[in-house]
Amino acid sequence: MHTQTMPPATATHCPYCALQCGMTLTPAGAGVEVAGRADFPVNKGALCGKGQSAAAVLSAGARLTTPLIRSATGDLEPATWEAALDAIADGLARTRTAHGADACALFGGGGLTNEKAYALGKFARTVLRTSQIDYNGRFCMSSAAAANQKAFGLDRGLPFPLEDIPRTGCVILVGSNLAETMPPALRYLSELKANGGKLIVIDPRRTRTAEQADLHLAPRPGTDLALALGMLHLVVAEGRVDEEYVRERTSGWPEARAAAMAHWPEYVERVTGVPLPQLREAVSLFTTPDHAMVLTARGPEQQSKGTDTVGAWINLALATGRPGRPLSGYGCLTGQGNGQGGREHGQKADQLPGYRKLTDPAARAHVAEVWGVDPETLPAPGRSAYELLDALGTDIHALLLMGSNPVVSAPRAAHIEGRLRSLDFLAVADVVLSETAELADVVLPVTQWAEETGTMTNLEGRVLLRRQALAPPPGVHSDLDVLHDLTARLSPDMEKNFPTDPEEVFDELRRASAGGPADYAGISYGRLTSGEALHWPCPQEDHPGTPRLFLDRFATEDGRARFTPVAHRPAAEEPDAEYPFYLTTGRVVAQYQSGAQTRRVAELNKAAPTPYVELHPRLAARLGITEGSPVTVTSRRGTAQAPAHLSPAIRPDTVFMPFHWPGKGRANTLTNPALDPTSRMPEFKVCAVNLQRAD
């Protein structure tokens with residue numbers, strides 16, 4: 001790694017959520033100062049506490065600066081890069097020789113740049129020739145992605161820019177607490193209301209976001225599907241269907257209509273717990289204005305029926321003529337920093353760059369030509385994220401993991417921790433010594449956001465250039481260096497195919513994505529550096545990009561959006577006599593994802609130091625639980641313990657735990673890995689638990 005002189009101030013983007021807020025980094029002493037960029041339209045200078053404190057993780061005390069190898073005594077000890085890379089190459093090669101290529105696996109992350117995600121998928125399929133690759137984004141947006149593909153033939157989180165939200169007439173926000181998960185986005189809802197628009201929030205908790213709503217619906221966890229079907233039933237019964245739109249721009253309406261009409265409002269009231277008058281009010285608020293939107297997030301998506309649930313909300317939007325019209329439509333609020341780009345360029349089990357399908361012969365031929373390999377050598381689709389992790393130590397014997405912390409973030413986490421421990425070989429490349437890295441045989445310290453250049457794609461499909469602002473510490477290399485150096489050891493004739501310059505990698509990504517659904521061919525570092533706002537698809541260098549999709553036609557073969565008939569079904573695990581309460585999980589404003597980085601920032605830990613169990617005061621009184629008393633929460637998968645937080649904002653039959661912490665308070669020890677049959681999304685958002693005072 002060579003050092004270089006950085007400019008006095010660098011315009012770049014936040015390392016955290018999918019807003020990718022604009023920020024400026026200015027050298028200050030041994031570090032940098034962070035300031036919001038007023039010129040970037042997504043955040044207009046606003047930053048949340050995580051963004052404001054992002055530079056803290058750049059300090060040497062918070063992060064890894066030397067490779068580590070597990071010694072004969074069982075400890076992780078400092079090592080040279082040569083020794084660490086040799087050990088990884090040896091571990092992968094030995095596994096491949098002993099058990100075959102598919103005994104080696106890779107696991108990526110939704111925070112990796114487009115260049116890294118692309119290179120990781122290419123490394124898996126051309127160097128290791130394994131089918132076993134997936135990433136933690138499977139746990140975030142996969143159900144919405146699958147529903148988008150079914151309905152519209154294309155998956156982009158938001159088919160319109162965020163700036164359209166304040167100008168619509170009504171927003172239904174399903175299962176999102178963006179006031180805490182992406183605080184700078186709350187202004188879009190505030191501006192919506194200031195402009196006279198209406199906000200409906202659907203969440204079993206009265207969150208900070210729900211407090212802003214004109215109408216808050218609090219369904220039982222796992223019943224969002226029934227709620228959407230009940231609203232569509234009322235739309236039909238009250239004559240609120242946009243018949244001309246349905247006739248001219250959609251297909252499949254008779255079947256979807258029949259499915260919805262089987263869900264009588266009184267039945268939906270009984271299943272969801274949402275009073276019928278509130279259902280009728282929601283329908284009226286949504287159908288009255290000329291423009292309206294449905295936005296979903298993890299609440300309806302992280303369910304074993306998440307694809308059908310999102311599909312039901314899309315059906316509601318289609319029946320009322322919203323998608324593909326200005327200031328209207330359906331969108332998914334993507335969560336991770338590169339959750340959009342990360343699912344487009346090849347680190348998913350079934351995918352090739354440009355959002356191409358690995359099973360499509362034409363896609364295989366195109367990408368293989370770019371990569372200079374025979375398409376017949378490309379593996380078939382492999383296991384999804386949870387299924388891959390569950391196979392560790394049995395079918396999979398070696399794992400290379402980049403930018404993920406499944407010890408904290410995976411469902412049934414104690415089981416997954418055990419699977420990681422059972423591996424013959426585990427290597428982790430990360431910025432910090434995460435709980436997963438602590439289990440590794442080799443740990444590599446890699447560069448992070450401010451120390452590298454690369455592209456990210458935010459929740460709008462806006463491709464952004466995140467610029468390097470300072471040189472990495474000595475002993476820290478980039479993930480692109482890691483993949484290049486491993487290729488040199490494992491397949492020397494392919495070393496030249498893995499450049500370390502991110503712009504060179506991106507130019508190859510452009511060629512690989514050309515003609516695909518997520519076409520980046522016309523996007524270049526030069527155009528991004530000049531300040532152009534480019535949303536994919538962008539097929540040529542003179543193309544302006546596509547900030548608004550579907551205005552003329554949908555991305556299906558016939559150009560029509562497709563209704564999907566769906567029916568409500570219970571969660572995979574409902575409360576019973578032994579486990580009588582619902583558990584749902586989520587985030588808090590001061591922490592992020594598994595907390596691997598934010599738990600190392602003093603001011604964030606001061607704001608949110610520990611996990612907790614949120615429960616209604618009536619439930620607490622019944623169980624003899626008081627504010628702050630230790631509570632044991634037990635599911636069929638394990639037990640967690642955390643202090644009680646009493647709040648009337650949650651349903652009395654439901655408890656909530658944030659999922660950012662390891663150890664005794666690890667919420668994902670409890671969660672259910674039951675998978676959606678289409679998206680393979682685990683059911684993070686609902687399972688059955690019991691609880692009692694721990695003392």
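Student: How many salt bridges does a search of the whole structure find?
Tutor: The search finds 36 salt bridges. Keep in mind that this is a predicted model.

Student: OK, pick one. What does D479 form a salt bridge with?
Tutor: With K116. The closest N and O atoms of D479 and K116 are 2.9 Å apart.

Student: Where do those two lie, and how far apart in sequence are they?
Tutor: D479 is in helix α18, and K116 is in helix α3, residues 114–128.

Student: Is D479 buried or exposed?
Tutor: Buried. The relative accessibility of D479 is 3%, and the cut-off for buried is under 20%.

Student: And K116, buried or exposed?
Tutor: K116 is buried too, with a relative accessible area of 6%.

Student: Back to the helices. At what angle do α3 and α18 pack?
Tutor: At about 10 degrees, with their axes 10 Å apart. That makes α3 roughly parallel to α18, because angles under 35 degrees count that way.

Student: Why give both an angle and a distance?
Tutor: Two packed helices are described by the angle between their axes and by the distance between those axes.

Student: Is the crossing left-handed or right-handed?
Tutor: α3 passes α18 in a left-handed crossing.

Student: Which residues make the contact?
Tutor: From α3, they include K116, A119, L120 and F123. From α18, they include D479, L480, L483 and L486.

Student: New topic. What does D308 form a salt bridge with?
Tutor: With R569, and the closest N and O atoms are 2.9 Å apart. D308 is in helix α13, residues 306–319. R569 is in the loop between β22 and β23, and the two residues are 261 apart.

Student: Is D308 buried or exposed?
Tutor: D308 is buried, at 19% relative accessible area. The cut-off is under 20%. R569 is partly exposed, at 30%.

Student: Which residues are linked in a network of salt bridges?
Tutor: E163, D164, R167 and R548.

Student: Now α6. Which of its residues are buried?
Tutor: Helix α6 covers residues 186–194, and L186, R187, Y188, L189 and L192 are buried there.

Student: What do they pack against?
Tutor: Against β8, α5 and β9. Just after α6 comes G196, with a positive phi of about 95 degrees.

Student: Last one. Where does Q468 lie?
Tutor: In the loop between β20, residues 462–466, and α18, residues 479–490. Q468 is buried, with a relative accessible area of 15%.

Student: What does the side chain of Q468 reach?
Tutor: The backbone oxygen of E451, at 3.2 Å.

Key. Residues numbered from 1 in each chain as written. Predicted model: local features only at pLDDT ≥ 70, side-chain atom pairs only at ≥ 80, totals over all residues. Heavy atoms only, no water. Helix = DSSP H or I, 4+ residues; strand = E, 2+ residues; numbered from the N terminus. Buried < 20%, exposed > 50% of the residue type's maximum accessible area, 1.4 Å probe, protein only. Polar contact = N/O pair within 3.5 Å; in protein donor to acceptor, adjacent residues only side chain to side chain. Salt bridge = Lys/Arg side-chain N within 4 Å of Asp/Glu carboxyl O. Axes fitted to C-alpha atoms, helices over the stretch in contact; angles between N-to-C directions. Parallel < 35°, antiparallel > 145°, perpendicular 65-115°, else oblique. Left-handed = near helix turned anticlockwise from the far one by under 90°. Contact = heavy atoms within 4.5 Å.
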